[in-house]
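Here is a short briefing on domains, strand pairing and model confidence. Please have the structure open as you read.

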Amino acid sequence: MIRLAFRNLFQNKIRLVISVGGVALALLLILSLDAIFTGVERRITVYVKNSSADIFVAQSGVRNLHMASSSMPAFVRSKVKAVPGVDSVSPIQYVSNMVVIGDERNLAYIIGLPEKAAMGGPWRVSAGRSRPDPGEAIIDRTVAKNSGITLGDEVEILGEEFEVVGLTEETASLVNSVAFISEDDFTDLRGDPGTISFLLVKVKDGELPASVARRIQARVRDVTVQTTGEFANQERKVVKDMSTDLITIMNLIGFLIGLAVMALTVYTATLSRRAEYGVLKALGASNRQLYRTVLAQATLSVLIGFLVGLIITLILSFIVDGLGLNMELLVSGVSLVKVAGLSLIIAGFSAILPIRQITGLDPAAVFRGK
Amino acid sequence: MYLSRRNLLQDKTRLALSIAGVALAVLLILVLDGFLTGMNRQITSYLDHSPGSIIVAQEDVVNLLGATSLLPTAVSSEAEAIRGVEEAIPILSQFVILDLHDKKQPAYMVGYDPDQGGGPWELSAGREPRTKREIVFDRILAARHNLKIGDTVEVLDNEFTITGLSNGTTSWMTSYFFLKKTAAEDLLLVPQATSFLMITTSDGADLGYIVQRLNKISGVNALTKTNMAANDLKLFAKIFSMPIKLMVSIAFLVGTMVVGLVIYSATVERQREYGVLKAIGAANHILYQIVLLQALTASLAGAALGTALAYGAGELIMVTRPQFLILYAPADVGWALSAGLGMALLAALFPVRVVAGLAPAEVFRK
């Protein structure tokens, strides 16, 4: 019976391509949306993860970078430095703003770096320098490429012109990019020299970041202290919590489309083999055996569709990567399990209509040519 | 014509499934489009309802939502000295992330002076804040987290009591909340700071002249509210257009595949009849028309059903998830039908190949 399912499925190649293609595209809808948000989640935490810090200290109540602002008095730095277990402390200035190149305005985290900053600077520089001096900026390579500029050109940040002296990798997401300027420029343009945005802390060898974080929290007032892992998790959670409802709606529509396509395919395939099913029934095949054939056919189609959908998503992720769109498609294990589960449900449901067809099939009618 | 109808209607279940497939694909395209239109409306809601017609921001800042702005302190009085300016209403605003029931909720905090304006434009319940510990919260966000007037919410580790609930101040990404400007200054540790000035002008004042004069003040950028709203829309369109285009393209392809599958199956089943028609002298283009007509009927019926479903789905989504605003324009129906037409034309390519390759003599040999 499984052989029959195989034969039914592969006999008409065009129908196979269309049906598997339809299911693959429906599953691709779910996979690619998941992949877009997983990509954003990864890219949005990439600065935090590559900051070289063990601990992030922020204004009280501030637990992440994205869509947030943090401001602390500069003296907090020495208080944190004095906490046992702290090896080094590096302040950064941060504001969410724009990198302006001609008419192009690119949303960016603007990071003000102190001279010789040991933490919080660019981690992968593809061209130029990794630390900006006054009047200089380091920006993301794809942002620069998309706007047609390179090293030595000028960009506008916080209303001032900066010379691009470095181009970084992995610092752009669908939402924004990261740009680095000197702390002196940052405070001249934005602010108050007496304040800092975040403190990046390195702990001494042998110390656990979580223990040192607890110590800082207990000894320094009006700050929120988290390990780098916790800080990145909070950042990821912002994207996840924002997108959950949207993803649920899109998944439901993708699921329904997949179901309609699959039901149509299995129904059409069963219908065209109606006579054969009738002959099998006349030869003594039980309804259950025929149901199994239909179900096997549906499961096979959906699984092939799932694999094709996955392959297209992976190909899309390469294409998107190559196009320099600041968008990353990342297929996660959770997403794979979810879509595989949905595929099996689709296969089960789509077999209902043809099974009803077979149940009502009169073997004698087949021989009468009906 | 008759043959097309008979082929299509011969198996009603198959036809129903194909129309459902196209309808769902069109539904997805329309919902995505409606979602984008609704989001655009929500993005500019504050600018649409705040007082004044000109906004003064920090130099180089052209967006309300995309960038933080801090104005030099003397700007307000300098702005009010310009002929035609009635009032310069200050706000201090900033995105913050609220932790509500273990969920991260990005929110746009607006610190304003209730005597001057710039706060919530419609209260569904309660009143505006009177003290530094009071807050007006978005009605939908409050309902999602079971918060009522008199409850407290934590903003940057400070507790505020909800005194009012505002209408029209939410979106799926973020919601607005309002507190006294002095309270926002304390929260952000920026005493006396102002992010934006909203400029109201006297009747008949020349906006162009006022914008020009305002831009002569050092360290500021003045622009009309319309321009700032357009900048915000452009910024968010840049972020969302690519994923939405990707989704719409996939939905279109799915619809095409569905129609293609149905018309292809119907054509293959009737292969002998097409062969006979060819044998008795029917030109290929006549047969193509028959195939195309079937594809058109299935696609356009699917597009019409999809449009009706999209309106229903939009309402359902907005009732169950009120933070989403899904808006359809009459032109969207045209788009849906065009999508259906496009799907039909592409889908007809599969069966047309079958008909074109058909040898009339074959049917008599079988």
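Two strands count as paired if DSSP finds at least two bridges between them. The model is predicted. Strand 3 (residues 86–101) of chain A pairs with strand 4 (residues 104–113) of chain A in the antiparallel sense. In strand 4 of chain A, Tyr109(A) is the bridge partner of Ser96(A).

**Strand 3 of chain A**
- Of the 16 residues in strand 3 of chain A, 13 are buried, so the strand is mostly covered.
- Its antiparallel pairing with strand 4 of chain A runs over 9 bridges.
- These two strands form a hairpin with 2 residues between them. Gly102(A), in the turn, has a positive phi of about 60°.
- Strand 11 (residues 198–203) of chain A is an antiparallel partner over 6 bridges. There, Val201(A) stands opposite Val89(A).
- Strand 7 (residues 154–157) of chain A also pairs antiparallel with strand 3, over 2 bridges. Glu156(A) is the bridge partner of Val100(A).

**Domains of chain A**
- Domain 1 covers 2–44 + 237–367, and domain 2 covers 61–221.
- Their C-alpha centres lie 46 Å apart.
- In the contact between them, 7 residues of domain 1 meet 11 residues of domain 2.
- Helix 2 (residues 13–44) of chain A gives the most to the domain 1 side, with 3 residues.
- That side divides into 4 nonpolar, 2 polar and 1 charged.

**Confidence**
- The complex has an ipTM of 0.73 and a pTM of 0.78 from the predictor.
- Chain B averages a pLDDT of 85, and 96% of its residues score at least 70.
- Among the elements of chain B, strand 5 (residues 134–138) has the highest mean pLDDT (96) and helix 13 (residues 360–365) the lowest (63).

Technical notes: Residues are numbered from 1 along each chain as its sequence is written. Chains are lettered from A and ligands numbered from 1 in the order in which they are written. This is a predicted model: local features need pLDDT of at least 70, side-chain atom pairs count only at pLDDT 80 or more; totals for chains, interfaces and linings use all residues. Domain bounds come from an automatic or database domain assignment. Two residues are in contact if their C-beta atoms, placed from the backbone, lie within 7 Å. Helices (H or I, at least four residues) and strands (E, at least two) are DSSP runs, numbered from the N terminus. Ala, Val, Leu, Ile, Met, Phe, Trp, Tyr, Cys and Pro count as nonpolar, Asp, Glu, Lys and Arg as charged, and the others, Gly among them, as polar. pLDDT is the predictor's confidence in each residue, from 0 to 100. A residue is buried if 20 or more other C-beta atoms lie within 10 Å of its own, exposed if 12 or fewer, and partly exposed in between; C-beta atoms are placed from the backbone.
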